[in-house]
Amino acid sequence: MDKIDRKILTLLQKDATMPVAEIGRKVGLSTTPCWRRIQKMEEDGVIQRRVAVLDPVKVNVGVTVFVSVKTNEHNDIWMRKFAGVIDEFPEVVEFYRMSGDIDYLMRVVVPDIGAYDSFYKRLIGKINLTDVSSAFAMGQIKYTTALPLDFALISDDDK
């Protein structure tokens with residue numbers, strides 16, 4: 001990856017629908033070399049997919065809940081079972097295994113508290129959990145899907 005690749009990625013993170021010709025113009029490349037770089041980053045898995053970022057309120061999932069889970073089960077079989085259960089819940093938009101006092105953390109989006117209660121009841125009906133704690137977000141202060149690229153490894157030729 002070089003500085004041009006980072007510039008391309010910065011532009012794509014802001015607007016994945018930007019035409020390749022425009023991206024090329026902004027990074028100082030013609031269309032074909034720019035397109036080749038984008039294709040290479042897709043093949044290498046740097047660009048995993050291109051998506052539309054939706055307004056949660058307009059699609060009726062304006063309530064964000066951070067769900068902390070503790071369990072007494074600490075083995076691979078249980079962890080895979082739990083991950084499989086979570087895959088069944090589209091309300092879970094992020095899911096992490098954690099260090100520290102919390103074993104797992106989920107970000108859940110729902111229309112309202114009633115929908116969260118329904119989610120919670122379905123969840124505990126599918127898997128045994130030691131402790132579940134929910135924190136409702138009161139307001140969003142920062143949200144981005146763009147990753148910081150200052151830490152991306154730069155090729156030796158471009159240092």
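Trainee: Why is Gln140 called exposed in this predicted model?

Mentor: Gln140 has a relative accessibility of 60%. Exposed means over 50%, so Gln140 counts as exposed. Gln140 lies in the segment after β4 (131-136).

Trainee: What makes Asp2 buried?

Mentor: Asp2 has a relative accessible area of 15%. The cut-off for buried is under 20%, so Asp2 is buried. Asp2 is found in the segment before α1 (3-14).

Trainee: Which backbone atom does the side chain of Asp2 reach?

Mentor: The side chain of Asp2 reaches the backbone nitrogen of Asp5, at 2.9 Å. A polar contact needs N or O atoms within 3.5 Å, and 2.9 Å meets that distance.

Trainee: Why are α2 and α3 called roughly perpendicular?

Mentor: Helix α2 (residues 20-27) and helix α3 (residues 31-43) pack at an angle of about 100°. Angles of 65 to 115 degrees count as roughly perpendicular, and α2 and α3 are therefore given that description. Their axes are 8 Å apart.

Trainee: Which residues make the contact, and how do they divide by class?

Mentor: From α2 come Val20, Ala21, Ile23 and Gly24, and from α3 come Thr31, Cys34, Trp35 and Ile38. The contact has 6 nonpolar, 2 polar and no charged residues. Gly is classed as polar.

Trainee: What does UniProt place at residues 1-64?

Mentor: The unreviewed UniProt entry places the feature "domain: HTH asnC-type" there. Over residues 1-64 the chain is 52% helix and 3% strand, with the end C-alpha atoms 36 Å apart.

Technical notes
Residues are numbered from 1 along each chain as its sequence is written. This is a predicted model: local features need pLDDT of at least 70, side-chain atom pairs count only at pLDDT 80 or more; totals for chains, interfaces and linings use all residues. Side-chain values use heavy atoms; hydrogens and water are left out. Axes are lines fitted to C-alpha atoms, for helices over the stretch in contact, and angles run from 0 to 180 degrees between N-to-C directions. Helices (H or I, at least four residues) and strands (E, at least two) are DSSP runs, numbered from the N terminus. Angles under 35 degrees count as roughly parallel, over 145 as roughly antiparallel, 65 to 115 as roughly perpendicular and the rest as oblique. Contact means heavy atoms within 4.5 Å. UniProt positions are given in the numbering used here, feature names are shortened, and annotations may be inferred rather than shown by experiment. Buried means under 20% relative accessible area, exposed over 50%, partly exposed in between (1.4 Å probe, protein chains only). A polar contact is a pair of N or O atoms within 3.5 Å; within protein, one must be able to donate a hydrogen and the other to accept it, and residues adjacent in sequence count only if both atoms are side-chain atoms.
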